[in-house]
Amino acid sequence: MRPETLAVHAGAEPDAATGALSPPLHLATTFLHAPDGSLPHGLIYQRTDNPTQQRLEVALAALDGARRALFFATGMAAVSAVLQALPAGSHVLLQDDLYHGVRTLARDWLPRWGLSASFVDCGNLDAVRAALRPETRLLWTESPSNPLLRIVDIATLAELAHAHGARLLVDGTFASPALQQPLALGADVVLHSATKYLGGHSDVMGGVLAFARDDELAQRCFEVRNVQGASASPFAAWLVLRGLRSLHARLAMHVANAQRVAEFLAAQPAVEAVHYPGLPTHTGHALAARQMRGFGGMLSFQLRGGRDAALRVAGALRLFQNATSLGGCESLVEHRASVEGAQPVSPQNLLRLSVGLEHGEDLVEDLAAALVRSSA
Ligand SMILES: *Cc1c(COP(=O)(O)O)cnc(C)c1O
């Protein structure tokens, strides 16, 4: 079955009890035991597992070509779970351009958990090879990355990690399973913030780990979720399952709109640089064309007028709402350096766009008007 069909039908068998075609939402926290103490439906307690989430996990595993998928309360809960599943003393090697929450966790929290972390440019394979240590258990990459939309070579990094006895995790949030299949390229784990494209409507939080093998790491992550309580509510699982049905349709329009917006921005004299893998000038363009089914709905750009110009443009936009997050129907603009806390790593003149599902020409007109207004 093709991915679009899977997204509509996976985890969607009609309800056996009622014939309802859309998935039932089971809010039960507890499930009946049999007189002999066994569990007739394999379920005991909502934190451990529940029927709505089980349907979602079937669908998530199908979309990523995974042997097992786990759903968490947030993307960061999924991030924490996979890190806490590693044995004490492990080293984690992380890409240098990545989601700032992961950077904070790696820098400030891993040492408290008896793990060590270091950062490397995953576009430089010699540097990656040199940075892998005997105790490295996990190589952590993000592609496209946040906020510079860097593309890394997933297949080559998987080979490198495996040759050193480490696993490769890819944070695929910006691409979603609709545009990129890291497990098919050799990665061991894919992570998604379901809060973004999987949910797709800016109204639900969730995180996903999808595993190439149903092995000890996957089982440990399941146990971390259960024991540390990083479980999502069934309603969140239900909303994400609902979002998945339209994932491919939405992504197709996000991609078309983002390409249009990127081409417009690249032609503006006030714009110093546009970071979008769909532009032939982007350093990762050829690689993205090989390893993705589309270039995504996210882009960032830098203004010649520095931080002030970036803030003025963000303030002058009308359709693009100035807010964090991404992957919803509405377009968003964000000055990343302002939200990265005390040690921002994003350039001060950079704005990140989550290009939504409005008409592409309305988005271009909004940007054109904002560039005029903010230079006046
Ligand atoms: C948002 C995001 C996360 C964290 O997910 P939450 O659902 O906000 O906890 C992780 N990685 C990337 C790339 C993200 O965009």
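Okay, quick ground rules. It's a predicted model, so local features need pLDDT of at least 70, side-chain atom pairs count only at pLDDT 80 or more, and totals for chains, interfaces and linings use all residues. Residues are numbered from 1 along each chain as its sequence is written, and side-chain values use heavy atoms, with hydrogens and water left out.

When I say helix or strand, I mean DSSP runs numbered from the N terminus: H or I over at least four residues for helices, E over at least two for strands.

Let's start with the cis peptide bonds. Ser143 and Pro144 are joined by one, with omega at about -10 degrees. Pro144 sits in the loop that runs between strand E4 (136-142) and helix H6 (154-163). Then look at Asn146 and Pro147: a cis peptide bond there too, omega about 5 degrees. And where's Pro147? In the loop between E4 and H6.

Is Ser176 buried or exposed? Its relative accessibility is 1%, so it counts as buried, which means under 20% relative accessible area, using a 1.4 Å probe and protein chains only.

Ser202 isn't a glycine either, and its phi is positive, about 55 degrees. You'll find Ser202 in the loop between strand E6 (189-193) and strand E7 (207-211). Ser202 counts as partly exposed because its relative accessibility is 46%; that class lies between buried, under 20%, and exposed, over 50%.
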